Amino acid sequence: MIFLFVFNRSVYDDQPNAHQRFMEKLDACIRNHDREIEKMCNFHHQGFVDAITELLKVRADAEKLKVQVTDTNRRLQDAGKEVIAQTEEIIRCRVQQRNITTVVEKLQLCLPVLEMYSKLKEQMNVKRYYSALKTMEQLENLYLPRVSQYRFCQIMIENLPKLREEIKEISMSDLKDFLESIRKHSDRIGETAMKQAQQQKTFSTALQKQNNVNYGRNMRLGRSRIMESKHEITLKRTFEEDDEHEEEVLTAQDLVDFSPVYRCLHIYSVLGDGEIFENYYRKQRRKQARLVLQPQSSMHETVEGYRRYFSQIVGFFVVEDHILHVTQGLVTRTYTDELWNMALSKIIAVLRTHSSYCSDPDLVLELKNLIVVFADTLQGYGFPVNRLFDLLFEIRDQYNETLLKKWSGLFRDIFEADNYSPIPVANEEEYKIVISKFPFQDPELDKQSFPKKLPMSQSVPQIYIQVKEFIYASLKFSESLHRSSTEIDDMLRKSTNLLLTRTLSSCLQNLIKKPHIGLTELVQIIINTTHLEQACKYLEDFISNITNISQVTVHTARLYGLSTFKDARHAAEGEIYTKLNQKIDEFIQIADYDWTMSESDGRASGYLMDLINFLRSTFQVFTHLPGKVAQTACMSACQHLSTSLMQMLLDSELKQISMGAIQQFNLDVIQCELFASSEPVPGFQGDTLQLAFIDLRQNERLEQKEQHFCSVQEE
C-alpha cells in the first residue's frame, strides 16, 4: 500500500515519463505477486487434493445425513407447532403479567392520592374545613409530587386553590351567621351573666352575715358552734348546687355555638390570612358594639328598657371575654380595654341623658340596682367600673330630687287632709297606736284620764312616718355602692336635711300662706312644728341605728330640722299677726260713726264689741302657744286696733265732729281699755297692754280737734 501510494504520488508529479515508469514498476510488482501465489498453491496443492478425496468419501454419508436431518427437522417442526403455540401464549401471558404488575405499582402509587382526595371531598361535605385544609397540605407536599405526571393529578392541583377559596367563603359565611347569632342572643347571654353575678353576690353576702353572726356568738358554746358551721356548709353547698344548676342550664356556650369563629380563625391562620380575619372580626364587632350601645328612644320609660340595654352590653362583653380566653390573638386585652373604654363613655352619656327624664323614684332606684348588677357583672370579668359608681353618685342626686318631689306631694296631701285639731284618744290602745308612730312624751298628759287629746294634730305622726320612709328610700339607693357606713350615714343625713330644709319647709311656708288657713289652723301649725322639732333627735337616732354610726363621731352631720321648724313657726307667727290685723281691719271697715250725733248711745259700738269678743275667743285658742307668741300677738292686735281708731279720728276727710260723737268714741276706747286690763293673754306685767291705747287718751289731741272743729263752724 505504501508502495502504491508512493507511486501514485509520483504519477501526479510533473516529472517527465512518470507514467511510463509507474506502469513498469506496477507490472514488476504484479509478476512478483503471481510468483508468490504460485508458490503458495504448489505448497498447499497436496492438502487440497486430500481434502477433496475425503469429501468425496463422505458425500454419500452426507446425503444420508441430509435426508435424516430433513426428516428429523420435519418431525420436529410438526412436533414443535404446539410448543410454539404454547410458548407464544406464555409470552403473551408474561407480557400481560408484567403490564398488570406495572399497573398495580402505578395504582399503588396513585391510590393514596385518590384516597386523600376522596377524604378531602368527604371532609368538605361534612364541613370539616380545617381538616380539609390539612388534607390539602398533605396532598400538595407529600402525595401529588409522586404522581405529578398524570393528567388527573394536574386537575387536582388546579382544583385545590378553588377549594381553598370555597372554604374561605364558607367559613366567612359561617362567621357572619355567628356574628348575627351573638347579636340576637347577647341580651340572653347578658341576662344570664347578670343573674349569676347577682346570685354569687347574694351568696357572698349571706355567707358574710353568717360569719359575722358566728363570730359574735359565745365561743364556749361548742355544740352550737358546730351546728352553725354545719348549717353554713349546707348553705354554701346549696348555693353552689344552685349555681352549678344555673351554669348547666344557662351558659354563654349553651346559648351560642362558638365553633364557627374557632373554625374560621383556624382556617384563615392555616391559609396565612390570620391578620385579615382578625381585622375583619374586630371591625364587625366594633360595628355591633355601636349598635348595642345605641339605646331606644323610650328606654327611660320602663325598667325593662334599661334591663334589655344592660343585658345586651353585658352579653357583648361576655362573648368578647370568652373569645379573649379561648383564642390566641383574635382579640387582645388591649383591644377589649379600648372597646370597653369607648363603650363606657357612651354608656355614661346615655344614662346621664335618659336618667334625667326619669321622674319616678322607683324607676330611678331600679335603674340604680341594674347599674350595680351591671357593674358587678363586668367587674367579675375584669373590666374597670369605677366610672359607673361615680355616675351612681350623680344619679343619687337625681334620685334624691325625685324623692323630694314625691315627698313634697305626700306632705301636701297630708296637710290638706289634716283637720288641724288636737288628736283625740279614747283609750290607752289608741294612745299607744299614736305614740308608736310618733315619739311623744308628756308626763302631765299621761296623768290625765281617758278620753284626752294630744296637743298635735294628725299630720304630725304622718309627717314623722313619711320622713322615716324617706330615709328608708334614700338608704335603698345608698346600698351596694361599695361605700363605708360613715359615708352612707353622711349621705342619709344630707338627703334628710334637704327634705327638711327645702321640701318640708317649702310645704309649710306654702301652707301658712294659703288663704283658707285661719288663725286656729296657724296656731295648730305652730304647735305641730314644735313637736316635730322635738322629734328631730329621734330621727338622728334612727339614722344612727340604721348605719351603726354613733352620733358622737366627729364627722357625723347634724339634722337641720331645728332651724327649719323655727323658720316655719316664725312664718306662722307672722301670719297670725297679719291675719289678726286683717280681721281687725275688717271690723273697722264696718264701723259706722255718726260724727254729727247730738249725744252718744250710752254703750259701746256694736262692731267694737264684736271685735273684742272675737279677740277674746281667739286669744283663748292661744293658750297652747308659747307665752311670748301669744303676748306678742295680743300686743300687736291692740296696737293695730289703737292705730286704726286713731287714723279714723284723725282722718283728713272728717270736717266736723259733735260732742256726742266724741262721747261715743270715748265709750269705744273705754271698752278697748277694759279688754286690755282684763289680761286676755296671761303674762303681761302691770298696765303694759293698756299702754297700747294711751294715745287715744291724750286730751290735748281731742281738745285740739274740738277747737279745730269749733273754728271751722265759726267760719
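Visitor: Which helix is Thr-135 in?
Guide: Thr-135 sits in helix α4, residues 129-143. Helices here are DSSP runs of H or I with at least four residues, strands are runs of E with at least two, and both are numbered from the N terminus. This is a predicted model, where local features need pLDDT of at least 70, side-chain atom pairs count only at pLDDT 80 or more, and totals for chains, interfaces and linings use all residues. Residues are numbered from 1 along each chain as its sequence is written, and side-chain values use heavy atoms, with hydrogens and water left out.

Visitor: Is Thr-135 buried or exposed?
Guide: Thr-135 has 3% relative accessibility, so it counts as buried. Buried means under 20% relative accessible area, exposed means over 50%, and partly exposed is in between, using a 1.4 Å probe and protein chains only.

Visitor: What does the side chain of Thr-135 make a polar contact with?
Guide: The side chain of Gln-123, at 2.8 Å. A polar contact is a pair of N or O atoms within 3.5 Å; within protein, one must be able to donate a hydrogen and the other to accept it, and residues adjacent in sequence count only if both atoms are side-chain atoms.

Visitor: And what else does Thr-135 touch?
Guide: Not counting residues up to four places away in sequence, Thr-135 touches Met-116, Lys-119, Leu-120 and Gln-123. Contact means heavy atoms within 4.5 Å.

Visitor: Now Ser-495. Which side chain is joined to that of Ser-495 by a polar contact?
Guide: That of Ser-474, at 3.0 Å. Ser-495 is in helix α17 and is buried, with a relative accessible area of 2%. Leaving aside neighbours within four places in sequence, Ser-495 is in contact with Asn-400, Phe-470 and Ser-474.

Visitor: Which residue has a positive phi of about 65° although it is not a glycine?
Guide: Lys-127. Lys-127 lies in the loop between α3 (59-125) and α4, and at 52% relative accessibility it counts as exposed. Tyr-420 also has a positive phi, near 55°. Tyr-420 is in the loop between α13 (386-417) and β1 (423-425), but this residue is buried, with a relative accessible area of 8%.

Visitor: How many residues apart in sequence are Leu-365 and Phe-477?
Guide: They are 112 residues apart in sequence and 6.2 Å apart in space, C-alpha to C-alpha. Leu-365 lies in helix α12, residues 361-380, and is buried at 12% relative accessible area. Beyond four places in sequence, Leu-365 touches Tyr-399, Lys-476 and Phe-477.

Visitor: Which residues touch the most other members of the largest nonpolar core?
Guide: Of its 182 residues, they are Phe-310, Ile-347, Phe-374, Ile-576 and Leu-580. A nonpolar core is a set of buried Ala, Val, Leu, Ile, Met, Phe, Trp, Tyr and Cys residues joined through side-chain atoms within 4.5 Å. Not counting residues up to four places away in sequence, Phe-374 touches residues including Phe-310, Trp-340 and Ile-347.

Visitor: Last topic. How many cavities of 30 Å³ or more are there?
Guide: Four. A cavity is a set of points, on a 1 Å grid over the protein atoms alone, where a 1.4 Å probe fits but cannot get out; lining residues have an atom within 4 Å of a point. Grid points are joined across faces, edges and corners, and a volume is the space filled by probe spheres set on the points.

Visitor: About how much space lies in the largest cavity?
Guide: About 60 Å³. The lining includes Phe-415, Tyr-420 and Leu-532. Among the elements, α18 gives the most, with four residues.

Visitor: What about the volume of the second largest cavity?
Guide: About 50 Å³. Ile-463, Tyr-464 and Phe-565 are among its lining residues, and the largest share, three residues, comes from α16.

How values were computed: On a 1 Å grid over the protein atoms alone, a cavity is a set of points where a 1.4 Å probe fits but cannot get out, and a pocket is an open set with protein on both sides within 12 Å along at least five of seven lines; lining residues have an atom within 4 Å of a point.
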